[in-house]
Amino acid sequence: MARERLYLFDTTLRDGAQTNGVDFTLADKLAIARSLDDLGIDYVEGGYPGANPADTELFGKDRGLKAKFTAFGMTRRPGRSTSNDPGLAALLEAKADAICFVAKSWDYHVRVALETTEDENIASIRDSVRAAKQKGREVLLDCEHFFDGYKANPTYALACAKAAFDEGARWVVLCDTNGGTLPHEVEKIVGEVVKAIPGDHVGIHAHNDTEQAVANSFAAVRAGARQIQGTLNGLGERCGNANLVSIIPTLKLKPEFAGRFDIGVSDAQLKKLALASHALDERLNRAANRYAAYVGDNAFATKAGIHASAIAKEPATYEHIVPESVGNRRKVLVSEQAGRANVLAELERIGLKVNKDDPRIGRLLEIVKERETIGYAYEAADASFDLLARRTLGTVPDYFVVTQFDINVEHRNNAKGERVTVTMAVVKVKVGEDNLISAAEGNGPVNALDLALRKDLGKYQRYIDGLSLTDYRVRILNGGTEAVTRVLIESEDENGERWTTIGVSPNIIEASFQALMDSIVYKLVKSGAPA
Ligand SMILES: [Zn+2]
């Protein structure tokens, strides 16, 4: 059976940019556009030229993407001609391969929000599509509130979509703008639409207000739509847009879709998915969602001993796809319930060759259990477990020793008479025969300590230059008579690899110090720094 082409349209830079707390710079937009292009996305919607200076500049020159770079904007305003509408002119001048117009398709909105007649709205759609076609652009029409509009007045909603199609729009995109439509409704309505407009000209734009944007996108495809619009990590207004990071692997790896459709994403590009997802969070300066489908840290993590031994024998027993196919990896958690099987599986994964009957494995298991009773949680700190295992097996060099550190926190008046808190850390490190002293100021004691520790490691400095701290989490545990602090630190290196380390102590600085040290040493081990 011939496979059909299904197109992916990304709107991270337009709809995703409308997310609360998200503010992309031009450099951000260019980097994200390139990462989408590398993934093999068909259309990259860059923004709204004319609406703000950054987007106008973005579309000021050809950005050389393989994807169709798409400008977004409104159809001509009611009562104006296409030649007398500055907004439309900016859109037509944009250096874009395609133009995506947004237009009302709900009669109620036409009357109340647009304050015009139903006929004038349709004329505006026709005129705008024609003007963009004449400019040689591929044209898309986003039918805003299509599903709510269709429920209220199917004839009018369909007439708006049909007007664009008849005028030569390549795609008519049905938008669930309020995000409240359910999958069975989407399937039914799209099924009606494709009787009037061929499905290979129909797209779906779903929002996640009932946590079903991905399901709604697939419902539309089942009913005949052949373009899916979405964003990386489901970024978008309110609860977000349909998450392409979940949609892409489902299309590539689930037989129902993989057997019927081709998409622009190759198997090799699919392996970059986890990295693209994490890179966006990094850019937004937020921790990646560890529970994210396919790409989350927990997506292929197993805890219980009985599952771990089955996974070691046959991964497919507990995994719905091969984790590496999306750039993720299997993780067997070492925890209180840990059995030998977990530990052996984890040792194998980190590449430590040990005989199954080596008595040091029993010793490692004992240490893990002892430490977990005092508050360590190795399941959440893969890199600290890695180091603990290597240390128990005697393979971690003593790269350096921190002989002393001091942290001074001062609360005082500054020159302007304002109350300020100033923190400074001084660290003494012995690297080989060298004694090094570093000092750093930070916005808090842990930050100052981190900066001072990483400032000068002598001959090892070049291995940790690309190291950065991406997340810091503190939890107070009530372990018996006195509270204990658990610190988890997530780090990242220049290759985008991430790891988590842990420290536990009644003193938050000491707990943080342990986790910071583990992170640095882990990076040195991983980089193959010589002893
Ligand atoms: Zn939207």
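Biologist: Is Q461 buried or exposed in this model?

Modeller: Keep in mind that we are looking at a predicted model. Q461 sits in helix α19, which covers residues 461-464. Its relative accessible area is 15%, and buried means under 20%. Because 15% falls under that cut-off, Q461 counts as buried.

Biologist: Which residue has its backbone nitrogen 2.7 Å from a polar atom of the Q461 side chain?

Modeller: Let's look around Q461. Leaving out residues up to four places away in sequence, Q461 touches R454, K455 and D456. The backbone nitrogen that lies 2.7 Å from a polar atom of the Q461 side chain belongs to L457.

Biologist: Now to the metal! Which residues coordinate the zinc ion?

Modeller: Along the sequence, the donor residues follow the spacing D-x189-H-x1-H. D15 is in the loop between β2 (7-10) and α1 (26-39), while H207 is in the loop between β8 (202-206) and α9 (213-223), so this pair, 192 residues apart, links distant parts of the chain. Both D15 and H207 are buried. At 2.0 to 2.2 Å, the zinc ion is coordinated by D15 (OD), H205 (NE2) and H207 (NE2).

Biologist: How many strands form the closed barrel?

Modeller: Follow the order β2-β3-β4-β5-β6-β7-β8-β9, where the pairing is parallel. From one strand to the next, the twist averages 25°. Counting along that order, the closed barrel has eight strands.

Biologist: Which residue of β3 stands opposite D10?

Modeller: Strands of a sheet pair through backbone hydrogen bonds, either parallel or antiparallel. Here β2 and β3 (residues 43-47) run parallel and are joined by two bridges. Opposite D10 stands V44.

Biologist: Which helix lies across β2 and β9?

Modeller: Two helices are worth a look. Helix α3 (residues 86-93) lies across β4 (68-74) and β5 (98-104), running at about 175° to β4. The helix across β2 and β9 (227-230) spans residues 244-253 and runs at about 170° to β2. That helix is α10.

Biologist: How many residues are in the largest nonpolar core?

Modeller: The residues with the most contacts inside this core are L8, F146, I248 and L251. Leaving aside neighbours within four places in sequence, L8 is in contact with several residues, including I41, I228, I248, L251 and V265. Another core, of 37 residues, lies apart from this one, with L436, A440, A448 and V521 among its members. For the largest nonpolar core, the count is 88 residues.

Definitions and conventions:
Residues are numbered from 1 along each chain as its sequence is written. This is a predicted model: local features need pLDDT of at least 70, side-chain atom pairs count only at pLDDT 80 or more; totals for chains, interfaces and linings use all residues. Side-chain values use heavy atoms; hydrogens and water are left out. Donors are N, O and S atoms within 2.8 Å of the metal (3.2 Å for Na, K and Ca); water is not among the atoms, so sites may look incomplete. Helices (H or I, at least four residues) and strands (E, at least two) are DSSP runs, numbered from the N terminus. Buried means under 20% relative accessible area, exposed over 50%, partly exposed in between (1.4 Å probe, protein chains only). Two strands pair if DSSP finds at least two bridges between them. Axes are lines fitted to C-alpha atoms, for helices over the stretch in contact, and angles run from 0 to 180 degrees between N-to-C directions. Contact means heavy atoms within 4.5 Å. A polar contact is a pair of N or O atoms within 3.5 Å; within protein, one must be able to donate a hydrogen and the other to accept it, and residues adjacent in sequence count only if both atoms are side-chain atoms. A nonpolar core is a set of buried Ala, Val, Leu, Ile, Met, Phe, Trp, Tyr and Cys residues joined through side-chain atoms within 4.5 Å.
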